[in-house]
Structures are given as C-alpha cells and as structure tokens.
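I opened my notebook to write down what I looked up here, one entry at a time. Follow along with me if you like.

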Amino acid sequence: MTVKDTYGIIDLMKKIDSIGDVTLASEKTITEARTAYDALPEEVQARVTNYATLENAEEALASLVKAENAKVSTAIEKINAIGKVTLNSEAAITEARTAYEAIADSYKSKVTNYDTLTSAEVTYAHLVALSKIPEGLADEADSDGNLYYYHKGGTIATDVTTVAKNAHGWYYVKNGKVDFGYTGIAKNANGWWRIVKGKVDFNCNSVEKNENGWWYIRGGKVDFNYTGIAKNANGWWRIVNGKVDFNCNSVEKNENGWWYIRGGKVDFNYTGIAKNANGWWRIVNGKVDFNCNSVEKNENGWWYIRG
C-alpha cells in the first residue's frame with residue numbers, strides 16, 4: 001500500500017465521520033464519500049474501518065429521500081384534487097398548501113403543478129372578496145382593472161343585463177359588466193333609459209332609438225304616457241305612447257301648435273291643405289294657420305278656409 005493510499009484512507013474516514021446525523025442536507029457529503037471509497041483499490045478499501053458508517057448513512061439517506069418523494073407525490077395529488085375553484089374550495093386548497101409546505105425546500109421544485117396551487121389561492125381570495133360585496137353594481141374598479149362589475153351571490157353576475165346604479169351614477173350593464181361602448185336605450189325594472197357611453201343621461205329630452213324603434217325621452221327616461229309631437233336633431237316627430245309613429249299622416253298638436261305629419265315627421269316644407277279626424281286644415285310651412293280666411297288648394301282641389 002502506497003503513501004498516497006494511506007492518506008486517501010485517512011481523508012475518506014474523516015469525511016465519513018463528518019457525516020454525523022443523516023439529513024437530506026447530508027447527500028453531498030455522503031455522495032462524495034461513496035465516490036472516494038469506490039475510487040480506492042479493493043485491497044485498500046478493506047482498511048476503511050468506518051465503512052459501515054457510510055453504508056448506514058446511505059441507507060438512512062435513501063429512506064429520507066423516499067419519504068420526501070412521497071410528500072412530493074402527495075402534494076401533486078392534493079393540488080390536482082382542487083379542481084375548479086369555488087367558495088367551497090378552502091379545505092382542498094389548505095390541504096394542498098399544507099402538503100406542499102411539509103416538503104423540504106430542496107425538493108419543492110419537484111412539485112410540477114405548484115403554479116396551479118398559487119393560482120387557486122389567488123382565485124379563491126378573489127371569490128371571497130367578491131362574496132363580501134353586496135349584490136349590485138360595484139362602486140370601484142375590480143382587481144382586474146375593469147369598471148364596473150355587477151355582483152350577485154358572491155360572483156360576477158354574467159347573466160345580468162340591466163340598468164343599475166353605484167356611487168357614481170346609473171349605468172348600462174351587459175352580461176354583468178358596464179358597457180361603456182353602448183349608446184342607445186336600455187331597460188330595467190323602473191323603465192327604459194337613454195344611455196350615452198354606458199351611462200344614463202338624465203339630461204336627455206329628445207327622440208332616440210334602440211333596436212325596438214324610436215322613443216320620446218324626457219329626463220333620460222322613455223315616457224310611455226306621452227302622446228304628441230317631440231323633437232330631436234333630425235326633426236319633429238309624432239309620438240304615440242312614447243314611440244314614434246312612422247305610419248302617421250295627419251295633423252296633430254304639441255304645446256307649440258298643430259302640425260302636418262307625414263310618415264311620422266312634421267313636414268315643415270309643406271304648404272297646402274291636410275286632414276285629420278277633426279277636419280281639413282290650412283297648412284303653412286308645416287303648421288296649421290288658424291288665421292287663414294281664404295280659398296286655398298290641395299291635390300283634391302280648391303277649398304274655402306275659415307279660421
């Protein structure tokens with residue numbers, strides 16, 4: 001046996017003695033000792049008097065590794081068992097987190113679905129926060145930045161399309177979310193409302209449309225009780241029970257007088273004689289001329305007009 005072998009034995013035995021109580025952290029030292037032992041000639045290996053200590057350490061380490069890998073498998077299984085996250089997922093998420101934390105830090109990277117656990121925790125926390133919000137339209141932006149969501153039963157009510165209010169006003173909600181891109185007329189239990197860029201315009205006094213037709217708006221709300229003539233940027237219109245009557249060809253009134261209606265719209269270009277249920281009337285620039293005492297014509301002939 002050479003001097004080199006002698007020093008090799010001494011160094012190896014010191015390394016084996018340094019193993020001490022076996023933990024997962026002992027793996028590097030045990031591996032180095034095994035590598036050094038296997039590098040010795042067979043006749044020299046027999047002189048390593050504490051070799052049994054190395055074997056016992058390897059056996060203990062193998063047991064620890066096996067147990068740790070079992071913990072990894074358990075954590076993976078419990079994370080997979082979480083499934084779709086709901087307000088009832090707390091126990092499953094807690095069990096999965098507990099199982100993960102029981103793993104040694106050096107083995108946690110083996111939990112290949114850990115991102116699923118963290119995602120579930122975030123989703124569950126979000127659902128819990130939502131569950132504490134009263135039913136209705138949220139006053140503030142959601143955590144995802146969207147303004148605003150309608151909440152019901154602890155979740156975003158994607159089945160709700162209505163007009164609802166929060167601290168900032170009344171808004172058009174479509175599928176649980178304020179639709180700031182919508183301009184038109186939308187309804188809730190209280191009526192039909194003029195919407196401009198997602199918000200009720202209570203200053204609107206006009207004639208506006210939705211998919212069901214054109215409607216008379218007063219104070220932002222369709223006035224289904226109104227029958228008369230109302231105006232918008234496009235003209236003056238015959239309104240019957242709040243809706244434009246495009247079939248109207250008559251003489252009708254509003255607070256400004258009596259007017260000739262053609263196709264539901266006041267025809268300010270018309271001068272002649274037109275009729276309604278009460279008689280035939282002299283029209284000048286679309287309006288009945290009650291001061292007319294004359295003989296005038298329409299497509300049916302010339303007629304004597306008095307008052």
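Predicted model: local features only at pLDDT ≥ 70, side-chain atom pairs only at ≥ 80, totals over all residues.

**Entry 1**

I found three strands in an open sheet, ordered E1-E2-E3, with antiparallel pairing. Strand E1 (136-137) and strand E3 (155-156) are the edge strands, as each of them pairs on one side only. Next I looked at how E1 meets strand E2 (residues 150-152): the two pair in the antiparallel sense over two bridges. A reminder to myself: strands of a sheet pair through backbone hydrogen bonds, either parallel or antiparallel.

**Entry 1: H2 and H4**

I moved on to helix H2 (residues 27-39) and helix H4 (residues 51-80). Their axes come within 10 Å and cross at roughly 135 degrees. On the H2 side, the contact is made by Glu27, Ile30, Ala33, Arg34 and Tyr37, and on the H4 side by Tyr51, Leu54, Glu55, Ala57, Glu58 and Leu61. Sorted by class, this contact has seven nonpolar residues, four charged ones and no polar ones.

Is Ile16 buried or exposed? I first located Ile16 in helix H1 (residues 3-18). Its relative accessibility is 1%, and buried means under 20%, so Ile16 counts as buried. Which residues does Ile16 touch, leaving out those up to four places away in sequence? I listed Ala33, Val48, Asn50, Thr53 and Leu54. I looked up Ile30 too: Ile16 and Ile30 are 14 residues apart in sequence, and their C-alpha atoms are 7.4 Å apart in space. Ile30, Ala33 and Leu54 were already in my notes, being among the residues of the contact of H2 with H4.

**Entry 2: H5 and H6**

My last stop was helix H5 (residues 90-101) with helix H6 (residues 114-131). The axes of this pair come within 10 Å and cross at roughly 140 degrees. H5 and H6 are therefore oblique to each other. H5 passes H6 in a left-handed crossing. From H5 I wrote down Glu90, Ile93, Ala96, Arg97 and Tyr100, which meet Tyr114, Leu117, Thr118, Ala120, Glu121 and Tyr124 in H6. By class, the residues of this contact divide into seven nonpolar, three charged and one polar.

Notes
Residues numbered from 1 in each chain as written. Heavy atoms only, no water. Axes fitted to C-alpha atoms, helices over the stretch in contact; angles between N-to-C directions. Helix = DSSP H or I, 4+ residues; strand = E, 2+ residues; numbered from the N terminus. Parallel < 35°, antiparallel > 145°, perpendicular 65-115°, else oblique. Left-handed = near helix turned anticlockwise from the far one by under 90°. Contact = heavy atoms within 4.5 Å. Nonpolar A, V, L, I, M, F, W, Y, C, P; charged D, E, K, R; others polar. Pairing = 2+ DSSP bridges. Buried < 20%, exposed > 50% of the residue type's maximum accessible area, 1.4 Å probe, protein only.
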